[in-house]
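Dear colleague,

I am passing on the structure below, together with some notes for someone who has not seen it before. Please look it over first, and then read on for what was found in it.

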Amino acid sequence: MATVHTVTPPIRRSGSLSRRRRLGRVWGHVIIIVFGVALLYPLLWMLASSFKPNADIFSEPGLWPKNWTLENYARGWTQLGIPFSTFFLNSFVVAFFSVIGNLFSCSLAAYAFARLRFRLRGLLFAIMISTIMLPFQVVLVPQYILFHTINWTNTYLPLLVPKFLAVDSFFVFLMVQFIRSLPRELDDAATVDGCGPAGVFWWVILPLLRPSLAVTAVFTFIWTWNDFLGPLVYLTDQTKYTVPVALNAFMDSTGATEWGAMFAMSVLSLIPLFIVFLLAQRQLISGIATTGIK
Amino acid sequence: MAAVDQHGAAVGAHRRHASRRFAYVPWMFLLPWMIGLVGITLGPMIASLYLSFTDYSLLGDPHWIGVQNYVELFTDDPRFLAAAQVTLTYVIIGVPLQLALALGIAVILNRGLAAMSFYRSAYYLPSLLGSSVAVALLWRQIFGSDGLVNVVLRLLGWANPPNWIATPDHALGTLIALHVWTFGSPMIIFLAGLRQVPKDLYEAADVDGANAWTKFWRITIPMITPVIFFNSILQMISAFQAFTQAYVVSGGQGGPVNSTLFYSLYLYRQAFLNFHMGYAAAMAWVLFVVIALFTWLAFSTSGRWVYYEGGQ
């Protein structure tokens, strides 16, 4: 990478070098800002284009719409015959219960792995770790057959029930690592005070686990909000569609002619992610900082 | 809890005692996970292995055909070979490019620029949004014949730029570009790793008169090899499984001329459009073995190039 060798000028406190260093910093800012704008330009352009008439989208590379219009939003909202509010509601329901499910099931399993002794713990832990790497394709077909057989297709159950069964073992692992970094003396103190394992979990571990829980909640929300394959495979009834499958159906139904309206709905679909991104930064950074301190 | 006897037993012994008495307690905590493991993960895995030796279309019973699915994959299915090639190309080009960019930007950001956390967030945004259908749709417009890229290229004087999405030679390139665009999440992991590199190493190198380039190759890179390793494994595994972007950009077809027929997309089509469940299961197992092989290769060579400080 061409950018790499311009970096890290010598860190010294002598006068002549500190000027060079300051100059280097200015260049650092320039590179970072120019590159950042280029990087985010497509997103900004999509936002701008959602306020442009269709014809202008294909001729205006700029960000400021010459002919402002809100029509894209009005037309897009009802394009599929079912208003997009339905899809947003569906997506929120799926994302909400997925978050609850992962928080509940992953923390329980993580506590057992990190703190409790039981037979085959080593083996089960190894299995748990190896399922992190398991490609979803391997279980996709038989899972579908299973849910098809028990008549769960075209419901949200195939999307939600696995979340309550700690299938996303990545989060179990994340929490295990975090719990292991907590001093055992806290557990012991609570045990001496009369807490059983359930009490230790509820009163000691869970409150301290908050940073990991926040990370889990945020990523579960983002992943389920973006999930396309699951809803595509399991949901057949259009009224049950989540936002990503609805957007895809939008594309299929208009055949790349209604870019303005499609961009408008796309922008709306990204807003929840953007809000989570803004709100969760503090938790994410503090989560990283906490694990960094250990 | 009744098990607690307060007569000054050593806490360790106490814990052992309690755990014997409540041997079932850990299993209560593990119950949801165990059900998931058996019912949603291991069970289906075994079923998938069995199905891969059958002909099954959801109607009737699976019909045992031995290794015929596997034989057909490798000897009689040009689309499968195309899918394998497309996916390998995507992984082998996309992942190193993405990681190099992530590391390059992380190193620049790590110099203690003011507003670093703002930049970090801005750069992370594409990662966050990149796997969405919305961005895939955007990509489809941007790289279309009259899309944003070509409008800009025409302004720059290229009279007839190609329709990137519709040209077999370029379509995969647009998806690789999308993958590289989402370099933000490995970048954040690199940043965390860079912060752990002891400052005194650089100071010692300064005393010895080392320049930035030397320090980057002799200190930064060796010290963060565990992070490079971690990121490579993570990104490789996810790149092998890419689906959404290829599906949306090619309208679910994997075209033009199979040039974006990602492995997962072809598997999806076999399973849910053709209802060749057994065939799709065989494909899944081939993918699984390939990913396992790559991961094993990475781990088995890691001893030679990954440096763990203090053998952590």
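**What was found**

From the N terminus on, the elements of chain A run α-α-α-α-α-α-α-α-α-α-α-α-α-α, which is to say that chain A has 14 helices and zero strands. Please keep in mind throughout that this is a predicted model. For chain A the average pLDDT is 86, and 89% of the residues score at least 70. Over residues 1–14 of chain A, however, the pLDDT is below 50, although this stretch has 34 contacts in the model beyond near neighbours in sequence. Residues 287–294 of chain A also stay under 50 in pLDDT, and for them the model has nine contacts beyond four places in sequence.

**Chain A and its domains**

Chain A has 294 residues, of which 39% are buried. When contacts in chain A between residues at least 6 apart in sequence are considered, 73% of them join residues at least 24 apart. The domain assignment divides chain A into domain 1, covering 4–72, and domain 2, covering 76–293. Between these two, nine residues of domain 1 of chain A are in contact with eight residues of domain 2 of chain A. On the domain 1 side, helix 1 (15–49) and helix 2 (54–57) of chain A are the elements that give two or more residues, and helix 1 of chain A gives the most, with three residues. By class, that side of domain 1 has four nonpolar, four polar and one charged residues.

Helix 8 of chain A, residues 169–181, has 13 residues and reaches 19 Å from its first C-alpha to its last, close to the 18 Å expected at 1.5 Å a residue. Among the buried residues of helix 8 of chain A are Phe171(A), Val172(A), Leu174(A), Met175(A) and Phe178(A). Ser85(A), by contrast, is found in helix 4 (residues 84–115) of chain A, and it counts as exposed because it has 10 C-beta neighbours inside 10 Å, where 12 or fewer is the cut-off. Ser85(A) and Phe58(A) are 27 residues apart in sequence and 28 Å apart in space, C-alpha to C-alpha.

**Chain B and where the chains meet**

For chain B, the domain assignment gives domain 1 (11–51) and domain 2 (69–311), and the centres of these two domains, taken over C-alpha atoms, are separated by 35 Å. Where the chains meet, 81 residues of chain B are in contact with 81 residues of chain A. Helix 2 of chain B (residues 25–51) supplies the largest share of the chain B side, 17 residues, and the residues of that side divide into 61 nonpolar, 14 polar and six charged.

**The largest nonpolar core**

Which residues touch the most other members of the largest nonpolar core? In this core of 148 residues they are Ala109(A), Val141(A), Val172(A), Met175(A) and Ala284(B). The largest share of the core, 16 residues, comes from helix 4 (residues 78–109) of chain B. Val172(A) and Met175(A) are also among the buried residues of helix 8 of chain A mentioned above. Leaving aside its neighbours within four places in sequence, Val141(A) is in contact with residues of chain B, namely Ser48(B), Leu51(B), Ala271(B), Met277(B), Ala280(B), Ala281(B) and Ala284(B).

With best regards

Technical notes
Residues are numbered from 1 along each chain as its sequence is written. Chains are lettered from A and ligands numbered from 1 in the order in which they are written. This is a predicted model: local features need pLDDT of at least 70, side-chain atom pairs count only at pLDDT 80 or more; totals for chains, interfaces and linings use all residues. Domain bounds come from an automatic or database domain assignment. Two residues are in contact if their C-beta atoms, placed from the backbone, lie within 7 Å. Helices (H or I, at least four residues) and strands (E, at least two) are DSSP runs, numbered from the N terminus. Ala, Val, Leu, Ile, Met, Phe, Trp, Tyr, Cys and Pro count as nonpolar, Asp, Glu, Lys and Arg as charged, and the others, Gly among them, as polar. A residue is buried if 20 or more other C-beta atoms lie within 10 Å of its own, exposed if 12 or fewer, and partly exposed in between; C-beta atoms are placed from the backbone. pLDDT is the predictor's confidence in each residue, from 0 to 100. The expected span of a helix is 1.5 Å times one less than its number of residues. A nonpolar core is a set of buried Ala, Val, Leu, Ile, Met, Phe, Trp, Tyr and Cys residues joined through C-beta atoms within 7 Å.
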